[in-house]
Amino acid sequence: RPRYGADVPRQPVRCPPDERMLRGFEAIRTQLDVPARFPDEVLAAADEAARRGPAVPAGAPSTVVDARDIEFVAIDPEGSIDLDQAFAARRTASGYTVFYAIADVAAFVAPGGPVDTEARERGVTLYSPDIRTSLHPETISEQAGSLLEGADRRALLWTIDLDHDARIVDARLERADVRNRAQLSYAVAQAMVDSVDDDHPVRLLREIGEKRMELEAERGAVSLALPSQEVTRTDEGYTVAYDESYPLESWNAQISLLTGIAASRIMIDGGMGLLRTLPEPDGRTVGQLRRTANALGIEWRRDTSYADRVRELRPDTPARAAMLSQAARGLRGAGYVAFRDHDVPEHPEHSAIASTYAHVTAPLRRLCDRFTNEIVIAQCAGHQPPEWAVEALEDLPSLMGSARSRDRNLERALVDFVEAVVLEPRIGQTFDAVVTDVDDERDRSRIQLLDPAVVTRMPIADLDLGATIRVRLTEADPDARQVRFELAD
């Protein structure tokens, strides 16, 4: 599934509710010190803020516009109630105007208060298959601050003017009252695309999203078609397969990327902000990937860049699946860089996006977005950003780095556990697998089973990358979150 380096919080794996699974998920969260609840003072502060209603944060521009006439829709995974964004668009004589409403978390979170302090400890919303461990209490994240269907909400309103090719002409941010007219799942929104009129938000989302994807390719951006996993029950137990994404998910992601690119430009012009950065893959890494492609029998012309070659790959053969797994090595090293006083970092770009980029579109689920939006809204109004937002810049890269590490650890543990549960009844059986990585230094290889969709490692390096092999399952221990395979005769 395309990720585009946008780091949108997501559920690592989907599976049916089951007592065995639920106990395992709870044990993992306990082991990794994932918070089970909010402290009482945090809940009390959130409840009071929700009862009081939205307030313009201290030091922020005081203007709030009424944008409830704009016909916003929210497009999210089925069942979402922590709605960060709502989308609308209009055709203009020169191209398009995109309206993107973002939840105004700062309207409910007092700087230095209990909710702010707890959010800095958490950093991001953590997703397990059974629950969300939210960044903010639910009275904010799922009620007063969420852009729920049919409710008037305070929001941060991005207005982005595009030309006919969907290039950015102008962008601005202001506080507004908005109303989300409809909440659509990906499946529902995708089904609507061909049945609504040309000016419906979903149709415009496709039109703008596809043009932005063309510009993305033109810039040399990277997208990896990596699928996610879904567990289903069978008569024998469980099986796990890769799900298919909808084209609309990519179009929707483009609006978030568009907004992050616009925000980064405003912050750079204003001389202050927080950028999401990713270095270009070094020549050694790209050279290794080229040799890997050659070993897998995948053509990679000398005049084709890393980004262009990866963008064309789909996991439709064992060799290409292995190559996609390897290609992700070129996207390592993402981080956050803060700057002030026009001291823009020497390398401000996010190489996967092939542009400067900032996180501003998920403040309910990601700590840094609350501060970056306050800086941008002040810059757009010609004001000095609030001191509380400026002071946070120094700590945000470290806070977000720690939060991302916890997120990755939880995701890996959950996936390992689910895969062990799925395989536990099948000890002794043999499976077809493809070799997706060979680590000679650690004397191990990574393999991907063709069915079920499990990725694991084997303690053997004498394998050919991209080869299809036959393996036997010798151990599946959900409590240890471990599976072991050996080569079958």
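Which residues of α1 are buried? In this predicted model, the buried positions of α1 are Met-21, Gly-24, Phe-25, Ile-28 and Arg-29. The sections below begin with that helix and then turn to other helices and to individual residues.

An α-helix has 3.6 residues a turn, so residues three or four places apart point the same way. The face turned away from the buried side of α1 carries exposed residues, namely Glu-19, Arg-23, Thr-30 and Gln-31.

Helix α1 takes in residues 19–31, and its 13 residues reach 18 Å from the first C-alpha to the last, close to the 18 Å expected at 1.5 Å a residue. At the N-terminal end, α1 is capped by Asp-18, which has a side-chain oxygen 2.8 Å from the backbone nitrogen of Arg-20. Beyond the other end, α1 is followed by Asp-33, a residue with a positive phi, near 60°.

Val-42, Ala-46 and Ala-49 are buried in α2. Because these residues cover an arc of only 65° around the axis, they sit on the same side of α2, while Asp-40, Glu-41 and Arg-51 are exposed on the other side of the helix.

How do α2 and α3 cross, and at roughly what angle? The axes of α2 and helix α3 (residues 114–122) come within 8 Å and cross at roughly 125°, and the two helices are therefore oblique to each other. The crossing in which α2 passes α3 is left-handed.

## Helix α7 and its crossing with α6

Helix α7 (residues 247–270) has 24 residues and reaches 35 Å between its first C-alpha and its last, close to the 34 Å expected at 1.5 Å a residue. This helix is mostly covered, with 18 of its 24 residues buried. After α7 comes Gly-271, whose phi is positive, near 80°.

The axis of α7 comes within 8 Å of the axis of helix α6 (residues 201–219), and the two cross at roughly 65°, which makes α6 roughly perpendicular to α7. As with the pair described above, the handedness can be stated: α6 passes α7 in a left-handed crossing.

## Gln-379 in helix α11

Gln-379 belongs to helix α11, which takes in residues 367–381. Is Gln-379 buried or exposed? Its relative accessible area is 18%, so Gln-379 is buried, the cut-off for that term being under 20%. A polar atom of the Gln-379 side chain lies 3.1 Å from the backbone oxygen of Met-272.

Two loop residues can be described together here. Ala-354 has a phi near 60°, a positive value in a residue other than glycine, and is found in the loop between β14 (349–350) and β15 (355–356). With a relative accessible area of 27%, Ala-354 is partly exposed.

Arg-481 likewise has a positive phi, of about 55°, although it is not a glycine. The loop that holds Arg-481 runs between β19 (468–477) and β20, and Arg-481 is partly exposed, with a relative accessible area of 21%.

Leu-364 is found in the loop between β15 and α11, where its relative accessible area of 1% marks Leu-364 as buried. The C-alpha atoms of Leu-364 and Asn-252 are separated by 18 Å, and these residues are 112 residues apart along the chain.

Ala-488 is found in the segment after β20 (482–487) and is buried, with a relative accessible area of 18%. Between the C-alpha atoms of Ala-488 and Ser-94 the separation is 63 Å, and the two residues are 394 residues apart along the chain.

Definitions and conventions: Residues are numbered from 1 along each chain as its sequence is written. This is a predicted model: local features need pLDDT of at least 70, side-chain atom pairs count only at pLDDT 80 or more; totals for chains, interfaces and linings use all residues. Side-chain values use heavy atoms; hydrogens and water are left out. Helices (H or I, at least four residues) and strands (E, at least two) are DSSP runs, numbered from the N terminus. The expected span of a helix is 1.5 Å times one less than its number of residues. Buried means under 20% relative accessible area, exposed over 50%, partly exposed in between (1.4 Å probe, protein chains only). A polar contact is a pair of N or O atoms within 3.5 Å; within protein, one must be able to donate a hydrogen and the other to accept it, and residues adjacent in sequence count only if both atoms are side-chain atoms. Axes are lines fitted to C-alpha atoms, for helices over the stretch in contact, and angles run from 0 to 180 degrees between N-to-C directions. Angles under 35 degrees count as roughly parallel, over 145 as roughly antiparallel, 65 to 115 as roughly perpendicular and the rest as oblique. A crossing is left-handed if the near helix is turned anticlockwise from the far one by less than a right angle, and right-handed if clockwise. The arc is that of the directions from the helix axis to the C-beta atoms.
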